[in-house]
Amino acid sequence: MSNLVIVESPAKAKTIQKYLGENFEVIASMGHVRDLPKSKFGVDVENNFEPHYIDMKGKEDVIKDLKKRAKKSERIYLATDPDREGEAISWHIAQMLNLNLEENNRVAFNEITKSGVQHGMDHPHKIDVDLVNAQQARRILDRIVGYQLSPFLWKKVKRGLSAGRVQSVAVRLVVDRENEIKAFQSQEYWSIDAKLVAPGSKKVFAARLATVNGEKAELADQAQTDAILKSLEGAEFVVSTVKKRVTNKQPAPPFITSTLQQEASRRMGFQAKRTMKAAQELYEGVEIKGMGAVGLITYMRTDSLRISDEAKAAAAAYIESAYGKQYLPSSPRVFKTKKNAQDAHEAIRPSMPDLTPDQVKDSLTTDQYKLYKLIWERFIASQMANAQLNTVSVDITAADCGFKASGYSVKFDGFTVLYEEAKDTEAEDNKVLPPLEQGNVLKVREIGGNQHFTQPPARYSEASLIKALEENGIGRPSTYAPTITTILSRMYVEREGKQLRPTSLGEVTTDLMREHFKHIVDAKFTAKMETELDSIENGENDWVSTLRGFFDDFDKTLKKAEKAMEGKRVKVPDEETDVVCELCGKKMVIKIGRFGKFLACPGFPECRNTKKIVQETKGNCPLCGKKIVMKKSKKGRSFYGCDNYPNCNFMSWSAPVEETCPRCNSTLFKKGGKAGKLVCEKPGCGFEKGLKE
């Protein structure tokens, strides 16, 4: 009889099987095997919130196979993912197979490498019931909100709506930001910039007005600006102080789940779901030439910055051999984990730091390679020496005005030789000032005023929304990606380029929730619930008492709302378009249906005309010359096709641009990101050029 090891996925099973050998049989449960029923509430509120779990539909063959193999096995190990969800899956499997919960039959792998698997198998433990209860409490909390609040929204807003505990707060954040943008009133302000030349130099550098008569310069309009410019006519610009110093720039810490999703979005345009899919594959194991199945990164759902001593030592050895000893810090770095982090796992890092992205590139998909490269570079850079910058700050006086100029040069590149964190806003270019000394009289090449207007806050992107969720303590590493996917799929929020904006449905629903269920959409309340779930996990709180406290208050609120809204219904305003209904002449409106947005005649039911929403682009079809329109695939991915379909079958995943081909005058298409290229897709042409050419 062999030993049976049960994991969630076939890829993970294949990798672990390689390390355990023929005395073990590793099989996959394909995720959860039991859950609350979809057709009913499934929780006995009066009987201590006892959940009614059932075998999941579609898993009959998997469950039958698990039971069959379990009967033939000498010992059973439960090796699901090392988090709440994984612990719950193991617990459900143990219940289904009638395993003794007092036995040490649970094993966990922070990394799926030979040493990681061996360490896990050498340290089996009991299923952590506190962890299971925390997951059950979260599941039941979400079930209470979803199954009791959704019918209320059906009756008062729109049939088919659903509510969620965490997603409702995420939608509110997006709605609140949109309201800020709408309420924003732009203010005019001015700046004065001088272009100056130092003695004995030909290099022109810029300085900006900082003070007037010793006070901070705040220029409200052109008249004020012109008056100062007039006072500076013929004035001598003299260097009053020069401050030079060497500053240290530290590397960013290794990734946690939220920062990985943010950086993958900023650098590569990955949506959170896409990032986590590739990360899961890298963790579970990929077939590498000459190595077989290998787990390339540590567990990717974590909020801890802790790094093992072994990983630090391996990184240091690689850095010294690849870059030299001067690129190592004086002592290994320790990054401080935030207070409310669970700290169950290490930060996300390569499981084998000396395995470079170039060594595995040929064995990975494009997404896997990009993400592994990002994780590997961030981790190695986090263990490298600081960059050192020579910084110069110069004060310049002219009449009663003070100007400032600053610049820097790199003294030692340190970790930046490998990696620098991307920013949401583009940084200014490196400005190197010419040699300047106190008392230098500068030549004025040009001086003038510049008009500016204050800008409203930017809409959330996926990256910035994840950052906001994390900063507010809403959700946990495993919930960020599913939350964003949910609010988009349920059409409370939509993408506009990389930005997220609320739909009319999202705004109306949030306003209703804010009025009648303020706790559900309150960030602080939701964060408090997350803390209580953490306390259950740590064995400090009773899960039933936590649920009772939430439910009793929620139930009263729901009854009060139903009474207040009796006989009332909230209308979702229609968005009018310029498209005219060809049947009755009215301007068509945008409606949201089961499969997304569509155009409908506002004259319904007298006029039942509907149309698909077609988004025209600036290009023309390279085959027939008709307009190119943007469409959506069944999986929601954007592509570009001919408006003359089905008479013309042209389609492309690349976006058309205004520029035309110099050879055949056909529309060009943009492939790749910033370093991509423009290509002509007319058959037989073959023209292409880099974006920077």
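Reply: Start with the packing around helix α8. Its buried residues pack against α9 (272–284), α12 (366–382), α13 (462–471) and α14 (480–489). Keep in mind that this is a predicted model.

Now the helix itself. α8 covers residues 257–268, which makes twelve residues. From its first C-alpha to its last, α8 reaches 16 Å. That is close to the 16 Å expected at 1.5 Å a residue.

Which residues of α8 are buried? They are T257, S258, L260, Q261, Q262, E263, A264 and S265. Look at the spacing with one rule in mind. An α-helix has 3.6 residues a turn, so residues three or four places apart point the same way. Try the rule on L260 and A264, both buried in α8. Then try it on Q261 and S265, which are buried in α8 too.

Next, step past the end of the helix.

For contrast, turn to another helix pair. Helix α6 (residues 165–183) and helix α16 (residues 523–537) have axes that come within 10 Å. These axes cross at roughly 145 degrees. The crossing of α6 past α16 is left-handed. On the α6 side, the residues in contact are R165, V166 and V169. On the α16 side, they are A523, T526, M529, E530 and L533. By type, the residues of this contact divide into five nonpolar, one polar and two charged.

To finish, go back to α8. Find its buried residues in the structure, then trace them to α9, α12, α13 and α14.

Methods. Residues are numbered from 1 along each chain as its sequence is written. This is a predicted model: local features need pLDDT of at least 70, side-chain atom pairs count only at pLDDT 80 or more; totals for chains, interfaces and linings use all residues. Side-chain values use heavy atoms; hydrogens and water are left out. Axes are lines fitted to C-alpha atoms, for helices over the stretch in contact, and angles run from 0 to 180 degrees between N-to-C directions. Helices (H or I, at least four residues) and strands (E, at least two) are DSSP runs, numbered from the N terminus. A crossing is left-handed if the near helix is turned anticlockwise from the far one by less than a right angle, and right-handed if clockwise. Contact means heavy atoms within 4.5 Å. Ala, Val, Leu, Ile, Met, Phe, Trp, Tyr, Cys and Pro count as nonpolar, Asp, Glu, Lys and Arg as charged, and the others, Gly among them, as polar. The expected span of a helix is 1.5 Å times one less than its number of residues. Buried means under 20% relative accessible area, exposed over 50%, partly exposed in between (1.4 Å probe, protein chains only).
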